[in-house]
Amino acid sequence: MIKTNRPKAALIYDFDHTLSPKDMQEYTFIPDCGTDPDTFWKKAAVLTTEEGVDQILASMYMMLKSAKEAGIPMTKEYLRGIGSRIELFPGVTEWFDAVARLADEIGIQVEHYIISAGVKEMIEGSAIAKHFTKIYASSYYYDRVDKSPLWPAQVVNFANKTQFLFRINKGVLADTDERINDGMSEHERRIPSRNLIYIGDSLTDIPCMKLVKENGGHSIGVYHPDDPKKGASRELLEDNRVNFCLPADYREGGDLYRVIEVILKKLKAASDLDRLSALQKSEL
């Protein structure tokens with residue numbers, strides 16, 4: 001009987017509109033500031049279009065400005081607290097345990113990661129934060145005395161999202177670890193490129209979706225289950241940017257669950273075949 005070790009796979013998610021139906025600021029932060037989403041996002045957009053500020057930096061600045069004007073002490077604790085009130089798509093809360101059971105049956109290890117332009121502190125306060133091996137998202141640097149944000153510590157946008165795929169792939173997980181640029185053969189990488197599965201919702205996810213798909217992994221575009229036009233996911237599928245276009249319904253037995261099941265079985269079979277081939281060569 002041939003002995004096999006469990007191969008590793010990574011499920012990598014965007015957050016807003018992928019795991020959660022809306023932008024995370026819209027659940028508590030924007031109402032706390034006494035404004036509405038349209039007004040908030042339009043003010044942030046002005047900084048981008050008229051002042052040339054990066055879109056994510058603009059939204060981070062607008063959060064600081066709005067909180068100050070509303071008298072909100074925007075500490076890390078505050079952001080984590082309102083993160084607990086973020087709503088999630090159907091089945092997300094139970095998804096991680098369901099995938100763990102599925103992976104155990106198949107004989108594969110699955111890790112979960114976030115790569116999001118959203119606010120890291122808010123994601124850390126969400127009901128599902130404990131399930132992620134690593135959360136890559138935009139974050140603030142805080143004053144050590146009054147705990148207020150002083151400056152962006154990390155900015156994640158559509159242009160730099162792909163670096164985090166390589167961190168996951170190579171196992172160089174720390175945000176500032178410069179070994180990410182070191183050469184590494186595919187067989188040395190902690191999670192093979194083909195074992196990356198990216199789930200996102202919009203055009204800003206295209207670089208990650210394309211990179212994962214072109215390197216043998218799988219990309220899945222999701223859309224709000226109530227959207228008959230399927231958001232941007234239909235266009236992504238038609239343009240061959242993703243492998244699948246599915247509703248953001250994470251309940252066990254649903255379309256997304258079944259697709260992940262087939263992908264994990266495929267990855268396990270590919271790993272077993274590699275070991276068979278290597279074993280045969282060693283015996284020649």
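Reader: Which residues lie nearest the centre of the second largest pocket?
Author: This is a predicted model. In it, 14 residues line the second largest pocket. Those nearest its centre are His-187, Pro-192, Arg-194, Ser-271 and Asp-274.

Reader: How many charged residues are in the lining of the second largest pocket?
Author: The pocket holds about 300 Å³ of space. Its lining includes 3 nonpolar and 3 polar residues. The charged ones number 8.

Reader: Which helix gives the most to the lining of the second largest pocket?
Author: The contribution in question is 4 residues. The helix that supplies them is helix 10.

Reader: Which strands does helix 10 lie across, and at what angle does it run to strand 6?
Author: Helix 10 covers residues 255–283. It lies across strand 1 (8–13), strand 2 (109–119), strand 5 (196–200), strand 6 and strand 7. Its angle to strand 6 is about 175 degrees.

Reader: In what order do the strands of the sheet stand?
Author: The sheet is open and has 7 strands. Their pairing is mixed. Neighbouring strands are turned by 25 degrees against each other on average, direction ignored. The order is 4-3-2-1-5-6-7.

Reader: Why is one side of strand 4 and of strand 7 left without a neighbour in the sheet?
Author: Strand 4 spans 149–154, and strand 7 spans 244–247. Each has a single partner strand, so one side of each has no neighbour in the sheet. The place where both stand is the edges.

Reader: Which residue in strand 7 stands opposite Tyr-223?
Author: Strand 6 covers residues 218–223. Opposite Tyr-223 stands Pro-247.

Reader: How do helix 5 and helix 10 pack, and what is the hand of the crossing?
Author: Helix 5 covers residues 92–106. The angle between the two helices is about 35 degrees, and their axes are 10 Å apart. The crossing is right-handed.

Reader: Which residues of helix 5 meet helix 10?
Author: On the helix 10 side are Leu-256, Tyr-257, Ile-260, Glu-261, Leu-264, Lys-265 and Lys-268. The contact divides into 8 nonpolar, no polar and 3 charged residues. From helix 5 come Trp-95, Ala-98, Leu-102 and Ile-106.

Reader: Which elements each supply at least two residues of the lining of the largest pocket?
Author: The largest pocket holds about 590 Å³ of space. Asp-23, Gln-55, Ile-56, Ala-117 and Thr-204 lie nearest its centre. The elements are helix 2 (37–51), helix 3 (55–70) and strand 2.

Reader: How many polar residues are in the lining of the largest pocket?
Author: The lining has 23 residues. It includes 8 nonpolar and 6 charged residues. The polar ones number 9.

How values were computed. Residues numbered from 1 in each chain as written. Predicted model: local features only at pLDDT ≥ 70, side-chain atom pairs only at ≥ 80, totals over all residues. Heavy atoms only, no water. Pairing = 2+ DSSP bridges. Axes fitted to C-alpha atoms, helices over the stretch in contact; angles between N-to-C directions. Contact = heavy atoms within 4.5 Å. Left-handed = near helix turned anticlockwise from the far one by under 90°. Nonpolar A, V, L, I, M, F, W, Y, C, P; charged D, E, K, R; others polar. 1 Å grid on protein atoms, 1.4 Å probe; cavity = no way out; pocket = protein on both sides within 12 Å on 5 of 7 lines; lining within 4 Å. Points joined across faces, edges and corners; volume = space filled by probe spheres on them.
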